[in-house]
Amino acid sequence: MDLHACLARAPHDLAARDRLVARFYPTVQQMVHRRLDAERRKGKLGLAALFSTGDLVHDVFMRVLHGVEVFEGDEQDFERYLAKAVTHRLLDAIRYHEAARRDGRRAAPDDTSVEPASDETSPTEAATIKEEAEIVTEAMGALTVKDRRLLELRLRQRTTYRQIAEELGLPSEDAARKAICLAEARLLLALRARGVDA
């Protein structure tokens, strides 16, 4: 594949975009998930990390890809560039969301103290993460068995759409993607019903 020719054609040529997605998305997705997992294990990401997989990674990937027409470097450089750009955008969105949630929970609006940055999870953050995990578990319990299985396969096991379609007897990868989108939407509604704006 000629990376530079594909990038030049991609804004106006669906076939060129499809070649770029087929070539780079699987690797970029794995790189992004590894980075997000590392952030989550450090306790820096909570509930929002659950929604940073699957279609959201794909959407951000497509936006980043759409904005690149010229790139200097080889395919490995381009993979690293895409993974870094997608990861940074996702982390920014997740951190913004979680900061907004923390700000909304603060009981003392006149508290102007600033806590020092730390790589360690504070007791408050640990309690928040535990509370969010319990809410997610409760919300998942309100879903159908099929929706729970779809989310388990895609969000936790990172199963491909093709494998999900085969396992659950869906007619195509696109059908699996749509079913997962609906399951995620139902989970979001269940979370909102429990006071979580995910």
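The model is predicted: local features are given where pLDDT is at least 70, side-chain atom pairs count only at pLDDT 80 or more, and totals for chains, interfaces and linings use all residues. Residues are numbered from 1 along each chain as its sequence is written, and side-chain values use heavy atoms, with hydrogens and water left out.

**Confidence and overall architecture**

pLDDT is the predictor's confidence in each residue, on a scale from 0 to 100. For the protein chain the mean pLDDT is 75, and 72% of the residues reach 70 or more. Over residues 106-120 the pLDDT stays under 50, and the model has 3 contacts beyond four places in sequence for this stretch. Where pLDDT is low, the predicted coordinates should not be read in detail.

The protein chain contains 8 helices and 0 strands; helices (H or I, at least four residues) and strands (E, at least two) are DSSP runs numbered from the N terminus. From the N terminus on, the order of elements is α-α-α-α-α-α-α-α. Of the 198 residues, 38% count as buried, where buried means under 20% relative accessible area, exposed over 50%, and partly exposed in between (1.4 Å probe, protein chains only). The chain exposes about 11700 Å², of which carbon and sulfur atoms supply 52%; these areas come from the Shrake-Rupley method with a 1.4 Å probe, and for residues only the protein chains shown count as cover. Among contacts (heavy atoms within 4.5 Å) with a separation of 6 or more, 68% are between residues 24 or more positions apart.

**The nonpolar cores**

A nonpolar core is a set of buried Ala, Val, Leu, Ile, Met, Phe, Trp, Tyr and Cys residues joined through side-chain atoms within 4.5 Å. The largest such core has 25 residues, and those with the most contacts inside it are Leu7, Leu20, Phe24, Val28, Phe61, Phe78 and Val86. Two or more residues each are given to this core by α1 (3-9), α2 (14-41), α3 (55-66) and α4 (75-105). Apart from it lies another core, of 20 residues, among them Val136, Met140, Leu155 and Ala179.

Not counting residues up to four places away in sequence, Phe78 touches Leu3, Leu7, Phe24, Leu65, Val68 and Phe71. Leu65, in helix α3, is buried, with a relative accessible area of 5%. Beyond four places in sequence, Leu65 touches Leu7, Leu20, Val21, Phe78 and Leu82.

Arg23 belongs to helix α2 and counts as partly exposed, at 29% relative accessibility. Leaving aside neighbours within four places in sequence, Arg23 is in contact with Met1, Glu75 and Glu79. His88, found in helix α4, is also partly exposed, with a relative accessible area of 36%.

| Pair | Places apart along the chain | C-alpha separation |
|---|---|---|
| Leu65 and Pro11 | 54 residues | 9.3 Å |
| Arg23 and Glu75 | 52 residues | 9.4 Å |
| His88 and Val32 | 56 residues | 9.3 Å |

Within α6, the buried residues include Asp147, Leu150, Leu151, Leu153, Arg154 and Leu155.

Just after α6, Arg158 takes a positive phi of about 55 degrees. Thr159 lies in the loop between α6 and α7 and is buried, with a relative accessible area of 11%. Not counting residues up to four places away in sequence, Thr159 touches Leu153, Arg154 and Ile164.

In helix α7 (residues 161-168), Tyr161, Ile164 and Ala165 are buried. These residues lie on the same side of α7, because they cover an arc of only 100 degrees around the axis; the arc is that of the directions from the helix axis to the C-beta atoms. On the other side of α7, Arg162 and Glu166 are exposed. Just after α7, Gly169 takes a positive phi of about 70 degrees.
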